[in-house]
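My notes follow the order in which I checked them.

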Amino acid sequence: MSTILILGAGPAGAAVALGLRRLGYRVSIVSEWRRFPALEGVSLRVLEALRAAGLEHALVDATLPSQRKVSWNGQQHAQNIEWLLDRPRFDRGLREDLQRAGVELIEGRVLAVQSSASGHQVQIEGHADLQADFLVESRGRQAPALGKGLRGPETVSLLNRWQGAPGATASAVESIEQGWVWMARQADGCCYWQLTVDVASADLPGKAQLLDYCRERRRTSALATAFFADGPEVDVHLHARSSTAILCPQVCGDNWIRVGDAAMAVDPLSGNGIFQSLSSALQAPVVINTLLRAPERAALAQQFHRQRVEQLFLRFARIGRDFYADEQRWQDQPFWKARRQWPDAELAHKPADFSAVSVQQAPVLRDGLVDEAEVVVTADQPLGVWHLQGIELAPLVRRLQTEPAQQALAGLSKEQEHLVRSWLLSQGYRP
Ligand code: FAD
């Protein structure tokens with residue numbers, strides 16, 4: 001059997017490993033552990049997706065939801081609930097999930113990878129080299145670049161962490177002239193404040209003055225002052241990370257695949273990074289299975305992965321652009337100006353138009369392999385929809401182009417007909 005090696009045990013690498021185990025593969029994963037403490041917020045749907053992927057232990061701490069205050073464009077609201085994940089603990093939980101699933105876990109820093117058509121040789125600090133037939137690249141933003149992909153405006157996030165007074169778990173987001181800020185407090189009093197700014201225009205001071213720069217930004221923010229209630233800031237740490245949106249120009253080949261942030265890293269604006277990284281990872285085991293067991297379908301499998309990663313990235317980038325455009329007080333400031341125009345002017349969600357609906361051949365997932373089938377392509381779903389809760393749509397849409405709905409849908413149960421009719425209406429079908 002082929003040897004599969006995964007580089008990087010974040011949520012994406014872990015989800016691929018578990019998916020491959022379910023398909024019966026032996027899997028090894030090599031990773032170093034995250035070096036800096038960070039807190040990340042996720043929504044309920046991310047918790048559900050992580051659970052569905054089998055990553056239960058990663059979530060043992062995600063028990064307390066926090067109501068997120070938002071101050072954007074001068075307006076305040078608190079409609080969102082988010083769960084705060086302590087990343088080092090979350091990552092430890094991922095490793096426990098991996099071990100329980102029988103994945104071989106190797107702790108070490110990957111120094112170099114040499115790849116050819118016949119396999120990969122991986123050099124790991126403090127270990128003998130490893131050989132693998134198939135490689136999964138999931139080292140997140142640290143994965144080596146593969147040439148020029150699509151990049152958003154260069155962005156950096158400065159995270160401050162300190163020990164404050166214990167209190168209720170809470171989080172908040174605020175737009176400011178230079179960018180935006182996310183802040184959170186855990187029940188034990190550990191406080192986080194993260195400023196995201198434009199690299200080119202922020203005019204940041206040198207490293208030694210960065211903490212003072214951040215303190216000054218906090219001091220002049222009414223929301224931060226109220227949020228942290230002038231509590232003590234003991235032992236303040238700073239960690240800077242790039243948060244530029246990046247789409248890798250190539251995301252798979254015959255014997256390798258990229259998933260998670262290594263394939264596409266999104267803007268952390270709406271706290272959706274883990275979700276996006278899981279989305280590209282969850283489809284990967286079937287793509288890998290196809291490349292290994294049905295190599296005659298390699299081109300189709302690669303097309304499936306590539307198109308989905310690109311589609312996810314662009315859709316998310318356009319949603320982010322619209323969110324930036326909602327902030328109108330500083331439209332001419334470099335941070336806001338660049339982001340309200342990137343990546344393009346296309347709508348994030350295209351309006352329904354039944355006349356534009358077509359039936360096309362496209363890659364789909366069937367019985368653990370990538371296969372080809374007729375799908376229905378709509379304005380908002382350019383990759384096509386194959387099934388609607390088990391009902392194949394292409395044959396129905398074909399018939400609807402020439403027959404009245406009553407006749408075309410005659411073979412469906414009442415419930416199925418209701419489902420299909422609602423979907424058709426949402427696609428602009430007006431018989
Ligand atoms: P990662 O989680 O980065 O995992 C990669 C793994 O590879 C790590 O374990 C790393 O140690 C390992 N690794 C890297 N290099 C090597 C090497 N050379 N050798 C061995 N191992 C290596 N997402 C949210 O959902 N909510 C948020 O609030 C949020 N906030 C964010 C704030 C910022 C500033 C940034 C930059 C991102 C944020 N994200 C957030 C995004 C989220 O962190 C990522 O999308 C997600 O962790 C990606 O998962 P991954 O598995 O692809 O990569």
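The entries below go from domains to ligand, then to pocket, cavity and backbone.

**Entry 1: domains**

I noted at the start that this is a predicted model. I looked up the domain assignment next. It gives domain 1 (4-65 + 84-150 + 245-332), domain 2 (155-242) and domain 3 (354-426). I then took the centres of domain 2 and domain 3 over C-alpha atoms; they are 49 Å apart.

**Entry 2: the ligand shell**

How many residues surround the ligand? I found 33. The closest are Glu40, Gly41, Arg87, Val110 and Asp261. I sorted the shell by class and got 17 polar, nine charged and seven nonpolar residues.

By domain, at least three shell residues come from domain 1 and at least three from domain 2.

**Entry 3: polar atoms at the ligand**

I looked for backbone atoms facing the ligand's N and O atoms. Valine 110 has a backbone N or O atom 2.8 Å from a ligand nitrogen. Valine 110 is also among the closest residues of the shell. A polar backbone atom of alanine 12 sits 2.9 Å from a ligand oxygen. Isoleucine 274 likewise places a polar backbone atom 2.9 Å from an oxygen of the ligand.

I then checked how much of the ligand is covered. On its own the ligand exposes 1,000 Å², and the protein buries 95% of that.

**Entry 4: the second largest pocket**

I put the volume of the second largest pocket at about 460 Å³. I count 14 lining residues, and those nearest its centre are Gln283, Arg308, Leu312, Gln381 and Leu383. The lining has six nonpolar, six polar and two charged residues.

Which helix gives the most to this lining? Helix H8 does, with seven residues. H8 spans 298-325, and both H6 and H8 supply at least two residues.

**Entry 5: the cavity**

Rolling a probe the size of a water molecule over the atoms shows where empty space is left. The structure holds one cavity of 30 Å³ or more. The largest cavity has a volume of about 160 Å³. Its lining has 18 residues, with Ala245, Asp267, Ala317, Tyr324 and Trp342 closest to the centre.

I sorted this lining too: nine nonpolar, six polar and three charged. H8 again provides the largest share here, with six residues.

Most residues other than glycine have a negative phi, and most peptide bonds are trans. I logged two entries against that background.

Where is the cis peptide bond? It joins tryptophan 342 and proline 343, with omega about 10°. Proline 343 belongs to the loop between helix H9 (334-339) and strand E21 (358-366).

Aspartate 203 is in the loop that runs between strand E15 (190-198) and helix H4 (207-219).

Conventions. Residues numbered from 1 in each chain as written. Predicted model: local features only at pLDDT ≥ 70, side-chain atom pairs only at ≥ 80, totals over all residues. Heavy atoms only, no water. Near = heavy atom within 4 Å. Polar contact = N/O pair within 3.5 Å; in protein donor to acceptor, adjacent residues only side chain to side chain. Areas by Shrake-Rupley, 256 points an atom, 1.4 Å probe, with all protein chains shown as cover. Nonpolar A, V, L, I, M, F, W, Y, C, P; charged D, E, K, R; others polar. Domains from an automatic or database assignment. 1 Å grid on protein atoms, 1.4 Å probe; cavity = no way out; pocket = protein on both sides within 12 Å on 5 of 7 lines; lining within 4 Å. Points joined across faces, edges and corners; volume = space filled by probe spheres on them. Helix = DSSP H or I, 4+ residues; strand = E, 2+ residues; numbered from the N terminus.
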